[in-house]
Amino acid sequence: MSLNIIVLAKQVPDTRNVGKDAMKEDGTINRAALPAIFNPEDLNALEQALRLKDANPGSTVTLLTMGLPRAAEIIREAIFRGADAGIVLTDRALGGADTLATSYSLAQAVKKFGNYDIILGGRQAIDGDTAQVGPQIAEKLGIPQVTYAEEILDLSNGTVTVKRRLESGVETVKAPLPCVVTVNGSAAECRPRNAKRLMRYKRAVSPSEKAKLSEEQQAYVDAHPYLQLQEWGAAYVDADPEQIGLAGSPTKVKAIENVVFTAKESRRMDNNDEQIEDLVKELIANHTIG
Amino acid sequence: MANFYTDNPDLKLHLKHPLMEKIVALKERNFADADKFDYAPADFADAMDNYDKVLDIVGEICGDVIAGNAEDVDHQGPRVENSRVIYADGTQKNLDVCRKAGLMGMAMPRRFGGLNFPITPYIMAADIVSRADTGFENLWGLQDCAETLYEFGDEDQKARFIPRVCEGETMSMDLTEPDAGSDLQSVMLKATQDADGTWRLNGVKRFITNGDSDIHLVLARSEEGSKDARGLSMFIYDKRNGGVDVRRIENKMGIKGSPTCELVYKNAKAELCGSRKMGLIKYVMALMNGARLGIAAQSVGVSEIAYREALQYAKERQQFGKPIIEFPAVYEMLSVMKAKLDASRCLLYETARYVDLYKAYEDIAKERKLEPEERAEMKLYNKFANALTPLAKGLGSEYCNQNAYDCIQIHGGSGFMKDYACERVYRDARITSIYEGTTQLQVVAAIGNVTTGMYNSIIATYQDMPVSEDLKPLKDEVEKMIEVYNKAVALINEINDPEYTSFQARRLVEMAGDIIMSYLLITDASRYESESMAKSAHVYVNMAKAEVAKHSEFIESFTPAQVEYYKK
């Protein structure tokens with residue numbers, strides 16, 4: 001059985017390697033100081049998608065990402081790792097979106113994409129850490145969702161069986177297709193970029209990237225359809241202007257506080273069980289721990 | 001999230017050598033594949049960009065996966081179950097990730113599914129893999145054997161076996177036997193023919209790296225009653241046909257992840273590769289030269305990890321109120337380690353480039369007759385490659401052992417414990433100066449180039465190369481070293497006694513190596529405008545000068561009669 005698989009992914013600032021200039025004075029992220037990377041859990045989702053493709057020859061994996069035009073970078077990376085195609089949903093009108101507007105926009109893109117069997121995405125992105133977009137897309141599309149997926153155990157007869165990694169243990173659930181599955185960081189690591197695929201697709205570009213190339217390079221891309229990545233705008237996916245971007249985002253940031261931890265007082269105690277136990281009791285009593 | 005390619009700027013520099021343009025043009029036949037394969041480069045810049053990007057994948061896999069598995073692989077090691085090898089879990093993961101990344105069959109032509117990479121970037125990948133896990137470099141690096149299949153197999157064999165290697169099946173070269181180690185002409189494994197012409201192999205092989213591989217190249221005695229090299233042929237054994245059991249694997253000091261097997265051939269079906277009787281004389285010699293370059297790369301990788309581990313520890317470890325790197329005894333050791341690392345890396349890529357050039361011509365010669373000047377170039381590059389390979393392998397492996405030793409020394413007592421990577425590096429390093437021909441055998445292979453003046457011809461190619469102003473005094477020093485070397489060589493040639501030449505050979509070969517590596521460091525540092533290489537050039541020339549003087553003193557004050565004192 002061949003499947004149409006959509007992988008939702010996001011290009012994020014690499015918050016895992018934060019230096020001292022990672023934040024601006026006003027408390028917002030200094031994107032220039034942080035490299036833009038493929039959101040790590042989206043790579044876990046991509047691996048699950050590629051495994052489904054391996055098991056179901058003839059399947060296609062399409063990466064869908066919303067962001068700046070440069071997000072085409074993660075589409076290329078996904079293609080180097082085994083994805084077939086990719087779409088960048090990009091438009092000035094989409095800027096400033098919170099999770100509600102983002103999930104609406106992506107759901108519109110999925111509808112435009114049409115025929116799909118399963119949508120996979122990372123559990124959450126390392127910049128916002130909300131874990132809301134995947135579930136909200138499922139709601140908007142009116143299809144089931146499986147969150148915290150660690151492994152897709154089976155996909156057959158219109159049903160997907162998923163192992164979920166929960167705080168208290170593991171749960172195996174079934175869901176009818178199509179559905180949304182958000183994948184945990186504990187799932188299998190994504191396979192590496194493949195040398196031949198990299199050499200084959202390294203010149204793949206989105207229309208806005210192509211526009212910056214020389215005429216000769218543009219002609220080369222025109223002659224090789226597999227090098228043409230797609231770029232969709234808000235109008236193309238029939239998005240309601242009221243529900244996208246800042247206008248469609250009820251979340252308003254009131255203030256950002258720069259919290260610097262400083263110890264104001266210190267206390268010394270001896271290294272014995274009695275004093276440590278007293279301290280633990282005190283910390284439980286004042287709700288610092290427990 | 002480390003990348004062992006991008007965190008080491010010297011690698012990119014070595015890839016920029018001016019000879020690369022010629023190598024790529026020959027290897028790509030002026031980019032004829034571009035119309036046939038969508039992953040083939042269209043021009044030189046495109047090809048170089050491909051090498052750079054693929055090495056980036058190698059570096060990422062090595063930094064993120066292979067290096068992280070190295071300790072577990074070292075502890076767990078492979079095992080034998082039902083006469084088959086089961087790799088350590090980490091080894092299996094490493095192989096899987098290399099297969100998925102398409103890093104097998106890198107140097108093979110595209111029509112067989114390979115990447116058609118020249119030897120130079122392929123060897124660079126080996127250098128990087130070895131730094132991550134020296135033992136794993138063996139399994140991965142045995143894809144070299146496909147080169148021999150490609151050179152000497154018939155079209156049908158190439159079409160059947162090489163694509164499998166490119167897909168990730170592993171190889172082994174089954175040469176050594178209990179009574180045939182360095183002396184391969186004593187190989188006894190018997191090859192006989194059934195009435196229908198099918199070849200059958202019977203006997204035992206020992207110390208076979210990755211002996212349970214999918215495709216084996218086997219040296220066997222096909223001529224009954226023969227006793228020397230002329231009775232040996234090379235065979236291909238396909239594991240799918242069965243007939244070879246793994247009797248045991250060795251419990252080794254290092255490179256523990258790489259299974260070293262004793263194999264029993266029980267009437268195993270095999271096929272002849274190339275012509276009968278040419279097994280050792282031609283094919284294994286070619287195989288070994290490729291493998292030696294691989295060990296030279298492995299050695300540089302070991303030197304790299306040894307240096308990095310030592311440097312990091314020396315910066316962190318505080319004694320007497322400061323990091324130990326601030327003490328002269330420690331910083332000298334570290335700078336000498338770095339100089340040996342840089343020198344052996346320069347020599348490695350110099351050798352790889354010459355191998356690339358002559359092999360590309362050899363391959364073109366299969367398609368058309370070479371022009372007289374092309375033939376002449378091929379011969380010259382072949383001679384250079386054959387002269388430099390034993391230096392790169394012999395001296396590079398000795399340097400990596402010295403670096404591993406110093407790495408532990410810098411760690412002090414902690415280095416003697418199992419807590420740091422350096423003890424593994426020390427054990428892994430030890431084999432490099434033994435297998436694929438001991439250092440002593442590399443000296444045997446190299447000494448002819450001393451006495452005939454071949455090394456002088458190579459040195460002459462460096463003498464006109466541009467040198468940056470600050471390194472010119474070093475060049476003068478090297479010129480003085482050459483005079484000392486020439487005097488010592490003249491002395492030996494004058495006596496003209498083969499045993500005496502052998503007795504002094506190690507010293508002479510080391511002198512040649514000292515001079516060549518000094519020159520390479522000076523010219524490479526100038527060409528790439530690399531401050532770190534220039535620094536290493538200073539350190540290395542200081543050391544080389546003293547080494548050359550030491551050897552010269554020994555040779556000049558020695559008389560052939562004194563050899564008697566050394567005999568037991």
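Modeller: The radius of gyration used here is taken over C-alpha atoms, and the globule rule is 2.2 Å times the number of residues to the power 0.38. For the 568 residues of chain B, that rule puts a compact globule near 24 Å, and chain B agrees with it at 23 Å. The model is predicted; the mean pLDDT of chain B is 96, with 100% of its residues at 70 or more. The C-alpha trace of chain B spans about 70 × 60 × 55 Å along its principal axes. Chain B contains 18 helices and 11 strands, and 52% of its residues count as buried.

The helix to look at is α15 of chain B, residues 454–463. Its buried residues are Y455(B), I458(B) and I459(B). Seen down the axis of α15(B), these buried residues fall within an arc of 100°, so they line one face of the helix. An α-helix has 3.6 residues a turn, so residues three or four places apart point the same way.

As for the contact between the chains, 14 residues come from chain B and 10 residues from chain A. On the side of chain B that touches chain A, the elements giving two or more residues are α3 (44–76) and α4 (89–100) of chain B. The largest share, 6 residues, comes from α3(B). The predictor gives the complex an ipTM of 0.93 and a pTM of 0.92.

Methods: Residues are numbered from 1 along each chain as its sequence is written. Chains are lettered from A and ligands numbered from 1 in the order in which they are written. This is a predicted model: local features need pLDDT of at least 70, side-chain atom pairs count only at pLDDT 80 or more; totals for chains, interfaces and linings use all residues. Two residues are in contact if their C-beta atoms, placed from the backbone, lie within 7 Å. Helices (H or I, at least four residues) and strands (E, at least two) are DSSP runs, numbered from the N terminus. pLDDT is the predictor's confidence in each residue, from 0 to 100. A residue is buried if 20 or more other C-beta atoms lie within 10 Å of its own, exposed if 12 or fewer, and partly exposed in between; C-beta atoms are placed from the backbone. The arc is that of the directions from the helix axis to the C-beta atoms.
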